[in-house]
Amino acid sequence: MSFKTYLRSVLIVGAFTAPIFCVSEDPLQQFNLASQAFENGRLDSAEQEFQGFIDHFGGHKLAPQALLALGEIKFALKKYPDAGEYYSRVIKKYGGTYAAMNATLRFGHCEFNMKKYLNSIDHFQKVKQKGSKVLRSEAILGEGLAYMTMKNHEKAESILTDLLQSYPKYKTNHMAVVPLGLIYMERNRLQEALELFTMLPDDLGAQFFRGVTLRKLGQIIAASQIFKDVVDLDPAGYWADKAQLQMAESFYQVDELNLAYDAYRKVFDKFMMSPLRPYALHRMACIQFQLGRFQEAGLKWEQLVRTFTDDVNLPNGIYMLGEMALRQGELGKAISFFSQITEAHELRMDAQFK
């Protein structure tokens, strides 16, 4: 993934849809009708029913909850500015109440999803100061993720560590555990990262990163088995192509080139929409080159250059085509390839030397 997409998934509270309605004369009945539509995923109906409640019973004690629900519906539709307007109405009209503090938390989530991370932190800190225990814990999590997204990993580590210590239930929450584990991995605190990922045996993302950690620790067999399990458990899921690639990288790491080639080939052949396909193709070419199968390697690099014209691996393929042309004495062809490496690329100096 990219890692931001993984962070945002926890903040979305559902998806809802729906039909035409008449406003009940009984406010409780109207609220219940709206709530049932909301809980059953009938988004359009729920929005109409809650709006009908606000229009006809705006002074009722359940009005704050109705406004919050309208905010949740907009949030589920990823209409974050609209959701924020509803949350803001709750905050302004019902300040000091639980509903207002809940709206402040959700406003922070809106700001987070709009990439206004500092604004989101301001909202989370307000909830940390005045909210209930449940809301405080969610605010701490939101603040930690905001700092994580801003790449302030030192601050994120401190906040997430405090969260796990103060609220042990978050030790089973992948949104708290996985980011902290990634920070440990980044700082080469691999054993600590492994312990965190092991706490979530049923979460495929955590298991994927557990495999990556084991691979970094040199435990290739154990890592490969975990990657295989992730693929087998959800062959078409988010983590499948990533786990398959990591399995290939594990074999490549210990020079099991034939096994690595087969694993890279599965990434390329089975995951047609995966952004990892160009990298897998490049690695397949590298293995063919290492095994002395120069013609097959060249064909794959040519396929890379021809098919993935904007991919980050493209300069590597062009460089290797130049290298092969040089070895075969085709000097003009080699110069043509080497000259295509841009000034900013790390291979530029090598290409100029060649």
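Helices, at least four residues of H or I, are DSSP runs, numbered from the N terminus. By that definition, L196 lies in helix α11, residues 190-198.

Before I continue, a word on the basis of these values. This is a predicted model, in which local features need pLDDT of at least 70 and side-chain atom pairs count only at pLDDT 80 or more, while totals for chains, interfaces and linings use all residues. Residues are numbered from 1 along each chain as its sequence is written, and side-chain values use heavy atoms, with hydrogens and water left out.

L196 is buried, with a relative accessible area of 8%; buried means under 20%, with a 1.4 Å probe and protein chains only. Leaving aside neighbours within four places in sequence, L196 is in contact (heavy atoms within 4.5 Å) with L164, V177, L180, G181 and Y184.

I turn to the nonpolar cores, which are sets of buried Ala, Val, Leu, Ile, Met, Phe, Trp, Tyr and Cys residues joined through side-chain atoms within 4.5 Å. The largest has 79 residues, and L141, L163, Y264 and W301 have the most contacts inside it. Helix α10, residues 174-186, gives the most to this core, with nine residues. A second, separate core of 29 residues includes F31, A37, I54 and L67.

Finally, a helix pair. The axes of α18 (residues 314-327) and α19 (residues 331-338) come within 8 Å and cross at roughly 165°; axes are lines fitted to C-alpha atoms over the stretch in contact, and angles run from 0 to 180 degrees between N-to-C directions. The two helices are therefore roughly antiparallel to each other, the term for angles over 145 degrees.

Terms used: Angles under 35 degrees count as roughly parallel, over 145 as roughly antiparallel, 65 to 115 as roughly perpendicular and the rest as oblique. Buried means under 20% relative accessible area, exposed over 50%, partly exposed in between (1.4 Å probe, protein chains only).
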